[in-house]
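Student: I'd like to go through this one with you before I set anything up. Can we start from the structure itself?

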Amino acid sequence: MEEQVKILAIESSCDETAAAVVVNGRTVKSNIISSQIELHKLYGGVVPEIASRKHIEKINQVIEEALETANETLDTIDAVCVTYGPGLVGALLVGVAEAKAIAYAKNKPLVGVHHIEGHICANYIEHPELTPPFMCLVASGGHSHLVKVVDYGEYEIIGRTRDDAAGEAFDKVARAIGLGYPGGPKIDKLSREGNPKAISFPRAKVEGAPNDFSFSGLKSAVLNYLNKCKMQGVEVDRADVAASFQEAVVDVLSDHAVSAALECGMDKVAIAGGVASNQALRAKMKEKCQKNNLKFYYPSPIFCTDNAAMIGAAGYYEYKKGVRDGLDLNAVPNLKIGQR
Ligand code: KG4
Ligand code: ZN
């Protein structure tokens, strides 16, 4: 029988305090998330100071609940994995300090995990048949990347955003049409009542870099459209704006993901990160992958947005490779993919 590696995973890079117990990188025994969204809503975005303070308040409780739900204790787990970057430094430090304390007190191996690698590995949780190599589109609040997953723990970035991340564009446009934070899920919902062809917004291409993204022009186009309507006294149909903006983002993300997969000779494509829970993106990817004979993978929404189960999945493969961190592990706010 295969050896069982039980990992306690911790995530605190932004506005969710999360802990999970994951077995052999694929089986989630518990996945506890304490979201701070309600707090940050008041300010229209994440306030780093508040995020750190809230993580400190919640982290012990969240870990206890994760262990209890999984019917495990700090003594029965085999290793501790923790997000150490990228993210908000004060927020990351809470998870890292907690993981180090557990590793020291219980003499358990410690493995630092890259947050984006975690998002990618969320795809392993519900798809036991998914193995590298594959192409992954990572679209979150802070990142928009096309990543070639060469092997477990081996990544090559082949496209990135030149300005705003896709999720950031969703959040900014949502604010402009008065939907509040976080904008992605709200635009997703409102779009269902709107016409995606109502307004023609631009699909930007980056010259000489066909895999790269640029969303700031699209964001400006939406703002200009809103201003023009206001000046002309025309009432804005917010659902049409949301649907037309969303379709522009989804067209670009899905086009790039599919053409990058074909260009690299991949037959599998996955999506990851908060924006991967977007219904229109999932539908468009399904359609384009089917047309191009590509197998398409996506995590359930709960594993798309920030969670610790994905950190346990990514951490397991690092652990298996023999990666171990010392008690000098530090938070690295601008950590690069594949960097150690
Ligand atoms: O991955 P994530 O939870 O945190 C980061 O690592 O950034 O992603 C959060 C981002 C936010 O910008 C949020 O608006 C966006 O993902 N998001 C969505 C949806 N759900 C979350 N964007 C579009 N459609 C959604 N359904
Ligand atoms: Zn994230």
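**A helix and what surrounds it**

Tutor: In helix α4 the residues that count as buried are His115, Ile116, Glu117, Gly118, His119, Ile120, Cys121, Ala122, Asn123, Tyr124 and Ile125. That makes 11 of its 12 residues, and the helix is mostly covered. Please keep in mind throughout that this is a predicted model.

Student: What does α4 pack on in the sheet that has β6 in it?

Tutor: Start with that sheet, which is open, has 5 strands in the order β8-β7-β6-β9-β10 and is mixed in its pairing. The edges are taken by β8 (154-160) and β10 (295-297), each of which has a single partner strand, so one side of each is left without a neighbour in the sheet. Between neighbouring strands the average turn is 25°, direction ignored. Helix α4 (residues 115-126) packs on this sheet and touches β6, β7 (144-151), β8, β9 and β10, with its direction at about 125° to that of β6.

Student: And which strands does α8 lie across?

Tutor: Helix α8 (residues 238-263) lies across β6, β7, β8 and β9, and it runs at about 160° to β6.

Student: How many bridges join β6 to β9, and in which sense do they run, parallel or antiparallel?

Tutor: Strand β6 (residues 134-139) and strand β9 (residues 268-272) run parallel and are joined by 4 bridges. If you want a pair to look at, Met135 has Val269 in β9 as its bridge partner.

Student: What about β7 and β8?

Tutor: Those two pair in the antiparallel sense, over 6 bridges, and His145 has Arg160 in β8 as its bridge partner. Their hairpin has 2 residues between the strands, and there Gly153 takes a positive phi near 70°.

Student: Switching topic, which other open sheet is there?

Tutor: There is an open sheet of 5 strands in the order β3-β2-β1-β4-β5, and its pairing is mixed. Here β3 (27-35) and β5 (110-114) stand at the edges with a single partner strand each, so one side of each is left without a neighbour in the sheet. The twist from one strand to the next averages 20°. Within this sheet, strand β1 (residues 6-11) pairs with strand β2 (residues 16-23) in the antiparallel sense over 6 bridges, and Lys6 stands opposite Val23 in β2.

Student: Which helices pack on it?

Tutor: Helix α2 (residues 48-70) does, touching β1, β2 and β3, and its direction makes about 25° with that of β2. Helix α4 packs on this sheet too, where it touches β1, β3, β4 (79-85) and β5 and its direction makes about 95° with that of β5.

Student: What would the ideal angle be for four tetrahedral donors?

Tutor: The ideal is 109.5 degrees.

Student: Where is Tyr298, and what does it touch?

Tutor: Tyr298 is in the loop between β10 and α10, and it is partly exposed, with a relative accessible area of 24%. Leaving aside residues up to four places away in sequence, it touches Asn123, His127, Ile271, Arg282 and Lys286. The C-alpha atoms of Tyr298 and Asn123 are 6.1 Å apart, although the two residues are separated by 175 residues along the chain.

Student: Last one, how compact is the chain?

Tutor: The chain has 11 helices and 10 strands. Its radius of gyration is 20 Å, close to the 20 Å that the globule rule gives for 340 residues, so it is as compact as a globular protein of that length. Of those 340 residues, 56% count as buried.

Terms used. Residues are numbered from 1 along each chain as its sequence is written. Chains are lettered from A and ligands numbered from 1 in the order in which they are written. This is a predicted model: local features need pLDDT of at least 70, side-chain atom pairs count only at pLDDT 80 or more; totals for chains, interfaces and linings use all residues. Side-chain values use heavy atoms; hydrogens and water are left out. Two strands pair if DSSP finds at least two bridges between them. Axes are lines fitted to C-alpha atoms, for helices over the stretch in contact, and angles run from 0 to 180 degrees between N-to-C directions. Contact means heavy atoms within 4.5 Å. The radius of gyration is taken over C-alpha atoms; the globule rule is 2.2 Å times the number of residues to the power 0.38. Buried means under 20% relative accessible area, exposed over 50%, partly exposed in between (1.4 Å probe, protein chains only).
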